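Take a look at the model below. The text then walks through its helices, their packing and the side-chain pairs.

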Amino acid sequence: MASSSSSSAAGLGSVDPQLQHFIEVETQKQRFQQLVHQMTELCWEKCMDKPGPKLDSRAEACFVNCIECFIDTSQFILNRLEQTQKSKPVFSESLSD
């Protein structure tokens, strides 16, 4: 799926910059939602032995730890991506060289 979205994004050079930004933001939202879904599924499989009307203390602690790990990891990745984006030269600047 990433290859199709990156190939379609490559063809957006002639598209209105606001539209291109909107598409990028929506793509990021979709990726984030996929990550949340995957993490929810992973934490559920890891922490829920047998579903019941109430969480026991072990399952609750497991969910808290699992989600905190997800948040910490996501924050680390976002910070790293932000640093990478800041260090990349702007495309238009590289064309003028």
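How many residues does helix 3 have, and how far does helix 3 reach from its first C-alpha to its last? Helix 3 has 31 residues and reaches 45 Å. That is close to the 45 Å expected at 1.5 Å a residue. The expected span is 1.5 Å times one less than the number of residues. Helix 2 can be checked in the same manner. Its 31 residues should span 45 Å, and its end C-alpha atoms lie 44 Å apart, which agrees.

A word on the ground rules. This is a predicted model, so local features need pLDDT of at least 70 and side-chain atom pairs count only at pLDDT 80 or more, while totals for chains, interfaces and linings use all residues. Residues are numbered from 1 along each chain as its sequence is written, and side-chain values use heavy atoms, with hydrogens and water left out.

Now the overall layout. The chain has four helices and zero strands. From the N terminus on, the order is α-α-α-α. Helices (H or I, at least four residues) and strands (E, at least two) are DSSP runs, numbered from the N terminus. Helix 2 covers residues 17-47, and helix 3 covers residues 57-87.

How much of the chain is buried? Buried residues make up 11% of its 97 residues. Buried means under 20% relative accessible area, exposed means over 50%, and partly exposed lies in between (1.4 Å probe, protein chains only). The chain exposes about 8400 Å². Carbon and sulfur atoms supply 59% of that area. Accessible areas come from the Shrake-Rupley method with a 1.4 Å probe; for residues, only the protein chains shown count as cover.

Turn to the buried positions. In helix 2 they are M39, C43 and C47. These residues pack against helix 3. In helix 3 the buried residues are A59, C62, F63, C66, F70 and S74. What covers them includes helix 2. Contact here means heavy atoms within 4.5 Å.

C69 also lies in helix 3. It counts as exposed, at 51% relative accessibility.

Which aromatic rings pair up? A search of the whole structure finds one aromatic pair. W44 and F63 form it, with 6.2 Å centre to centre and 45° between the planes, a tilted arrangement. Rings of Phe, Tyr and Trp (its six-membered ring) pair if their centres lie within 6.5 Å; planes under 30 degrees apart count as stacked, over 60 as edge-to-face and the rest as tilted. W44 lies in helix 2 and F63 in helix 3, so the pair ties together parts that are 19 residues apart in sequence.

Charged pairs come next. Side chains of opposite charge can pair when their charged atoms come close. The structure holds three salt bridges. The criterion is a side-chain nitrogen of Lys or Arg within 4 Å of a carboxyl oxygen of Asp or Glu.

Start in helix 2. The side chains of E26 and K29 meet in a salt bridge at 3.2 Å, N to O. Both lie in helix 2, three residues apart, about one turn of the helix. E26 is partly exposed at 34%, and K29 is partly exposed at 44%.

Helix 3 holds another such pair. E82 forms a salt bridge with K86, their closest N and O atoms being 3.5 Å apart. The two are four residues apart in helix 3, about one helical turn. E82 is partly exposed at 46%, while K86 is exposed at 66%.

A further salt bridge joins R58 and D49 at 2.8 Å, N to O. R58 counts as partly exposed at 41% relative accessibility. D49 is exposed at 62%.

F76, I77, L78 and L81 make a nonpolar patch of about 420 Å². Of these, L78 lies in helix 3. Patches are made of residues with over 30% relative accessible area and no salt bridge: like charges are joined within 9 Å, nonpolar side chains (Val, Leu, Ile, Met, Phe, Trp, Tyr) within 5 Å.
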